[in-house]
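Let's take a friendly walk through the charged side chains of this protein. Have the sequence and the 3D view ready.

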Amino acid sequence: MACQSVAAVMDEQALLGLNPNADARYRQRAMTYFEQLKESLDAWEVCADALAKGIYTDDHVKFFCFQVLEHQIKFRHGGLSAAQQQLIRETLMKWLQCQLMNAQPEKPFIRNKAAQVFALTFIMEYLTLWPKFFFDILSLVGLNPHGVDVYLRTLMAIDAEVVDRDILHTPEETRRNTLIKDTMREQCIPSLVESWFQILQTYQQSHPELTCQCLEVVGAYVSWIDLNLIANDRFVNLLLSQMSMEQLREEACDCLFEIVNKGMDPVDKTKLVESLCRVLQSAGFFSVETEEDVDFLAKFSRLVNGMGQSLVLSWTKLAKAGSVKEAAESLQALEAKVPLLLQLLVHEDDDISANIVGFCYDYLHVLKQASHMTLVASRRRGVTLNAAFVFQLPQLSDQQKANIEAIMLAVMKKLTYDDEYNFDNEGEDEAMFVEYRKQLKMLLDRLAQVSPELLLEAVRRVFTNTMQTWQTAPFMEVEVAIRLLYMLGEALPASHGAHFSGDTAKTSALQDMMRTLVSCGVSSYQHSSVVLEFFETVVRYDKFFIVEPQHIPNVLMAFLDQRGLRHASPKVRSRVAYLFSRFIKTLHKHMNAFVEDILTRIQDLLELAPPENGFPALLTSDDQLFMFEAAGVLIVNSDSPAERKQALMRSLLTPLMDAFRLLLAKLPQEMEEEHQAALADCLSHAVGFASRTSKAFSNKQTVKQCGCTEVYRDCLHAFLPALSCPVQRGVLRSAVRSFLHRMIICLEEEVLPFIPAASEHMLKDCEAKDLQEFIPLISQITAKFKRQVSPFLQQVFMPLVLAIFEVLARPAEDNDQTAALEKQMLRRSYFSFIQAITGSGMNEVMANQGAENIERILFTIIQGAVDFPDPVAQKTCFIILSKLVELWGGKDGMVGFPDFIYKHMVPACFLAPLKPTFDLSDAQTVLTLSECALTLKMIHLKRGPEFLQFLQQDYLPSLQVSPEIAQELCQVLQQPDVKVLKSYMKAFFHRAKL
């Protein structure tokens, strides 16, 4: 009968919508029903009844009922009556009792949800209503497998809610969680630990999955409970025995790892690790080479890593404390693990090797520190050491040196690619190996800090042997040999890459290896990885060619032929284009004899590839940017006279200009959007290439000195018509604008005749983004040429301002965040533009715009300072206001401006910081307040006592500021130290907002 009564209450039609295959109408009805049950004061009780009595067999309905219950506990527990809270407890225990009698357990997703609901109830009631939570559950489930499963899942759910550090908690939740853990330690942890032991012992043969769950629980809880409850003979022996059981050993390994990771006294930690190691070694676990299960070995490697790092931490603490004997014992224990470390580090499986890298890195750090610690300990004992003796301390024992060499060899071996690495289609496995290589590089860097001589000698030996037989050696051996030479560049640091001066031992070794690299012919190796490593290394050690410039021609040929820029692999060509540019930039002084030959050889690589060509270009447009930059550097820095430089630059840029004109003429006639976009991209690339060549110029080699002014003027004549193209405006305007930015720097005054027409075109049919990008161009012109461009600025000022106003006034959807952000950025750009004008001392630009326009602009600045909660823009507005007061606020300033100061500026300085959105705890807002204070200071400077009188008698009383505070503020305003005013203003507004 109970079944019938509840079924009548539950909306059976709505429950049909819980099935994933139900149609949208039913699913919507189910969602609506869920919301009703959640919000009802007592309707959720039908779900509790259904769970307690096991009415529904449908898994989705059971899950639904638990979700409804979860919502009540999580969000409405405090509002439930005592009877309703009791109902939840009874429901959970009745449901659990049903699990004990069921032949089959519930599906895992239902058990997990049940565990979450148990955990939430525990958190809400353990400290008050249900202190016997665990005793009730344990006495009910006993050793019933289904019950134990729910119990263990509940413990993990409690750990996630109470202990997990990855989950952010409020301060109140953190205090509650701490109290829960303290109470559990006092009341029930020993009983829980005993239950774990019984579960581990009882089920290790019959239910390995439960045993694994229990091991996971122990690992999770060991971090905050009394370690002696776990780290004892009975428990550890059980865990170690499970290390030998195939189905349990991975979880047992993880559990031991958590025990080892537990914070404790360094001497005790050393003893714990040593006792574990003795048992593991006697059980044969240290014989890594005989173990075939790589998944287990990966876990074991992680455990050894944890033990090793724990010993390092113990040694560090003991050494710092001056406990010489105990520190020596920790170091001895640590060094005894090195043979095992090496076995794992060199293992063919990279996961196993990667898991031990942390211990290896820390061990090398110990070797680096050991001699320093010896010195400190000696000083503590009162031993006086002179400077000469300090440097003669025997830093490394023979065994330690042997360990270092063994680690070096292991790293060198593991850096090597395997046969399965797919260079043409790099996927997840390849990405993982690249990350693993980065870890190995860290070890190599640390080896260099411990013993640079040993590392240099080891690399030299491997490199030299491999280069002697590169023609017959496998690609991975050749690649790693060159890679090691490359890695030395960072491992053995040198100031500004000067590896070929200073320490003669290092210098001669590197120089010998570089000489071998560039002369042995290895650049012809037929594998892309070797060729790439060759060029990377050549460029890393480009200073070598300053010392031995006779090798430059051979290396240049490698760059220019099928080994480099014309290699079969696009990946190699692309990278080599970048490296070639770097090589040329560093060594341009040594290139004079080859400039024209290089330019001839790369001519076809500099051609603009039209979109309809159909043939894949050797280089992408991004790669070509580097080639044009390299060509520019060669021309500009050659010893040729200016006339020759001009001719070379013209021959470089004329093909671009010709192609640009042809494509621009075609663009408006093209009807298809896709073809239009391709043409516009091609035009943009042409402008970008020309722009990139200008990067070669410098203060020592200007465009004028090189005789190239006319060439770049011709480029402007060719490119500027693109601004009036009716299609693909965004791409073309962006490209031409970037070119103008470069030309303002390079051509200086020569660019000015082009600016008015360009500006006129760029202000037509603008979008927010166009204006936002155009304003920095005008600001750059203003800052660079100042009064020279005053007439132009006066002419363009209002058209630009009106265009900005028009775009800002356009309506946008309330939820259109992109449009809102674009407007905010445009507003910032507008204020930055006004700041650039006022800050350049050209007050005539604004002054000559007519009274009505000036007033309109001034009001926008006041609005920006007060109304928009954007501290970046507000700060700029106050800077502008301060500058305008300086320009126009004095006795001989603009007519009517003093009235504007008192009616609008002064109120802005108080109203803006009083806004609720003005957050005085935000650093950017505090900077805005500082500018606001400086504006008040400037008004006082220009208006004197009249301003103070206005504040005291008129304005501050209108804000209900007491006469005493008003007088205090006026006194601070008169002090010369502006820092005092800034601090006072901050305190003033803090007080005002209370």
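Asp658 counts as partly exposed because its relative accessibility is 39%, where buried means under 20% relative accessible area, exposed over 50%, and partly exposed in between (1.4 Å probe, protein chains only). Arg661 is also partly exposed, at 42% relative accessibility. Asp658 and Arg661 form a salt bridge, with their closest N and O atoms 3.5 Å apart; the term means a side-chain nitrogen of Lys or Arg within 4 Å of a carboxyl oxygen of Asp or Glu. About one helical turn separates Asp658 and Arg661, because they are three residues apart in helix 33 (residues 642-666). Helices here are DSSP runs of H or I with at least four residues, numbered from the N terminus.

Before going on, please note that this is a predicted model: local features need pLDDT of at least 70, side-chain atom pairs count only at pLDDT 80 or more, and totals for chains, interfaces and linings use all residues. Residues are numbered from 1 along each chain as its sequence is written, and side-chain values use heavy atoms, leaving out hydrogens and water.

Now turn to helix 5 (residues 59-76), where Asp59 and Lys62 are three residues apart and thus about one helical turn from each other. Their side chains meet in a salt bridge (3.7 Å, N to O), and both residues are buried. Asp59 and Lys62 also belong to a network of salt bridges with Glu106 and Lys107.

Finally, look at Glu946, which forms a salt bridge with Arg943 at 3.1 Å between the closest N and O atoms. Glu946 is partly exposed at 33%, whereas Arg943 counts as buried at 11% relative accessibility. By this rule the model has 51 salt bridges.

How values were computed
Helices (H or I, at least four residues) and strands (E, at least two) are DSSP runs, numbered from the N terminus.
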